[in-house]
Amino acid sequence: MKDGFDVVVVGSGAGGGVVAGELAQGGYRVLLLEVGRHLTTQDFRRWEAKATHDLFWPLRFAPLPDGDVVTFLAARCVGGTTTINTKVALRAHEEDVAKWHLATGLTNGAGRPFARADLDPYYARVEDLLGVRERSDWQKCIYTVRPGFRALGADLEPVHSYTDAECQSYGSCLQGCPTGGGKSTMNTYIAWALARGLLDLRTSAQVERVLIEDTAAGPQAVGVEYADAAGARHRVRARYVVAAAGALNTPQLLLRSGLRNGALGRHVGLHPARLVYGLFDEPQDAHRVYPISAHCMKFQRDADGGFVVEAATVMDPIAFATTLRDEHGPLWGARLVEAVRAYRRYAGVLAMVNDENNASVQLDAGGAERIAVDLQPSELARIAAARQFSHDVLRAAGARQVYWTGLISTHVQGGCRMGDDPARSVVDRRGEAHEVKRLFVGDASLLPRTLSVNPSLTVMALATRLAEHLVTEMSEDLSPA
Ligand SMILES: Cc1cc2nc3c(=O)[nH]c(=O)nc-3n(C[C@H](O)[C@H](O)[C@H](O)COP(=O)(O)OP(=O)(O)OC[C@H]3O[C@@H](n4cnc5c(N)ncnc54)[C@H](O)[C@@H]3O)c2cc1C
Ligand code: SF4
């Protein structure tokens, strides 16, 4: 191929950053297209409003039947959401992965149901490259809430995270890590490949569709079309296309490209979560800690309750003030002012609930995104139980007052799920679209069922596995582009 690439990767987050970095370091000609900007450690400072503008996707919402909404948070920058996330690095539970085979018939290629063990070598590589380590350097706010967990027969244990010894526990992870101690695909996989001149990264590049041509073997991806910052359109050709624009975006990209698989954009999981805050007598300074250094895993499995509670943090002031609510609804006026004045005295826990992938993302007749959420009674019961437990923990720990946020989704998964059964999945077990050859998915939309833990390590493990597969396929593929 003279004027094209071996692989074009759409999106530079947990999935796309890993696929692009692995393949570029392997010597393949890789083009990485990212709609956001390339900001790095030297740009990051604790300025909540500016970071939200520079690094985040505009907030998205889905209505709930009771008039409330689910709020979706994700990044739009090089490194994707890994640039602004809290960097908790957990392998999926065996039971989470066992659900994948049940959902889509996913096997491991050797005829057995896909299992956690099939991911372990890829987890190990990511953990090694990112320096995943245990965070037992707990600060005051953890010791404040821990007695509450113990009083309720539970306990906290240290998390693992992709933060190295340079992490100064500043707590500004959601505005980009100013020390570089917090790892992202931006300051690892992508930076390593760029430093060696091995990767073509184009930013402010909005991919609008995958170029698909009919061949004797059926429809085949041959590149993508994207718009640059000035609105000019470009077409690039590549032997393989990897869509890794995030679980809310990749299904839309494939729909815009003409794919019609019935599972596309469906079976989306939210991993619904909310922060629950306790107001204590003493300052906790939970905004100046590595945000999530501990978690309670007692209720992780569906049979045990189906939720995980992480500790202990508060959101930065704008997000904190605009989301506080209690049993009377959102705080407002004098009560809100009074609550925010005590900002330093809150310690918050994050309750994340196992869901059953009942959301969807589709395009309306005008081509605009439509996100729908259809939480079922079993999911609503888990959500209520997780909030009640968090409330009781904080009260038992001595909180004078407890507030909480509405439901947020930071861990969207599914929408292009992988499986052996084309009727229940969008891509096959290697990540290639059932409908279109050489079109692969490499992000959180692959996951057939949501995990009970934070998903990014699993997204990176799957992306590592996809890169390995593409190397094999390219080494066997001698055809010109
Ligand atoms: C506040 C927050 C905290 C989190 N904390 C954790 C945590 O502690 N641990 C954990 O495991 N997970 C965490 N997550 C979730 C985790 O970061 C995501 O699950 C993961 O990054 C998803 O990877 P992805 O590749 O699917 O998408 P992303 O990482 O979101 O990357 C998608 C990329 O594609 C780009 N893109 C989208 N559309 C286009 C287009 N048309 N053209 C070009 N580019 C496009 C986007 O700008 C983005 O950069 C957190 C998420 C949030 C929001
Ligand atoms: S807490 Fe650690 S990882 Fe997060 S922004 Fe601060 S230094 Fe970076």
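The shell around ligand 1 comprises 21 nonpolar, 18 polar and 4 charged residues, where Ala, Val, Leu, Ile, Met, Phe, Trp, Tyr, Cys and Pro count as nonpolar, Asp, Glu, Lys and Arg as charged, and the others, Gly among them, as polar. The model is predicted: local features require pLDDT of at least 70 and side-chain atom pairs count only at pLDDT 80 or more, whereas totals for chains, interfaces and linings use all residues. Residues are numbered from 1 along each chain as its sequence is written, while chains are lettered from A and ligands numbered from 1 in the order in which they are written.

**Ligand surroundings**

- Among the 43 residues around ligand 1, G11, G13, G80, N454 and S456 come nearest; a residue is near a molecule if its C-beta atom, placed from the backbone, lies within 6 Å of it.
- Two or more residues of this shell are given by each of α1 (14–25), β8 (206–215) and α11 (456–476); helices (H or I, at least four residues) and strands (E, at least two) are DSSP runs, numbered from the N terminus.
- Ligand 2 is surrounded by 14 residues, the closest being C167, Y170, C173, C177 and G182.
- The shell of ligand 2 consists, by class, of 5 nonpolar, 8 polar and 1 charged residues.

**Helix α3**

- In helix α3 (residues 94–104), the buried residues are D96, V97, K99, W100, A103 and T104; a residue is buried if 20 or more other C-beta atoms lie within 10 Å of its own, exposed if 12 or fewer, and partly exposed in between, with C-beta atoms placed from the backbone.
- These residues lie on the same side of α3 because they cover an arc of only 145° around the axis, the arc being that of the directions from the helix axis to the C-beta atoms.
- The exposed residues E94 and L102 are carried on the face of α3 turned away from its buried side.
- G105 follows α3 and has a positive phi, near 70°.

**Helix α6 and N187**

- Helix α6 (residues 186–195) is mostly covered, with 7 of its 10 residues buried: M186, N187, T188, Y189, I190, A191 and A193.
- The cover over the buried residues of α6 includes α1, α4 (120–130) and β7 (199–202).
- N187 counts as buried because 21 other C-beta atoms lie within 10 Å.
- Apart from neighbours within four places in sequence, N187 is in contact with T41 and G180; contact requires that the C-beta atoms of two residues, placed from the backbone, lie within 7 Å.
- Just after α6, G197 adopts a positive phi of about 70°.

**Packing of α5 against α10**

- Helix α5 (residues 140–151) and helix α10 (residues 377–396) have axes that come within 7 Å and cross at roughly 115°; axes are lines fitted to C-alpha atoms, for helices over the stretch in contact, and angles run from 0 to 180 degrees between N-to-C directions.
- V145, G148, F149 and A151 of α5 meet V393, L394 and A396 of α10.
- This contact of α5 with α10 has 6 nonpolar, 1 polar and no charged residues.

**Backbone exceptions**

- Most residues other than glycine have a negative phi, and most peptide bonds are trans.
- S169, which is not a glycine, has a positive phi of about 55°; S169 is partly exposed, with 15 other C-beta atoms within 10 Å.
- H267, also not a glycine, has a positive phi of about 60° and is buried, with 26 C-beta neighbours inside 10 Å.
- A311 and A312 are joined by a cis peptide bond with omega of about -10°, and A312 is placed in strand β13 (residues 307–313).
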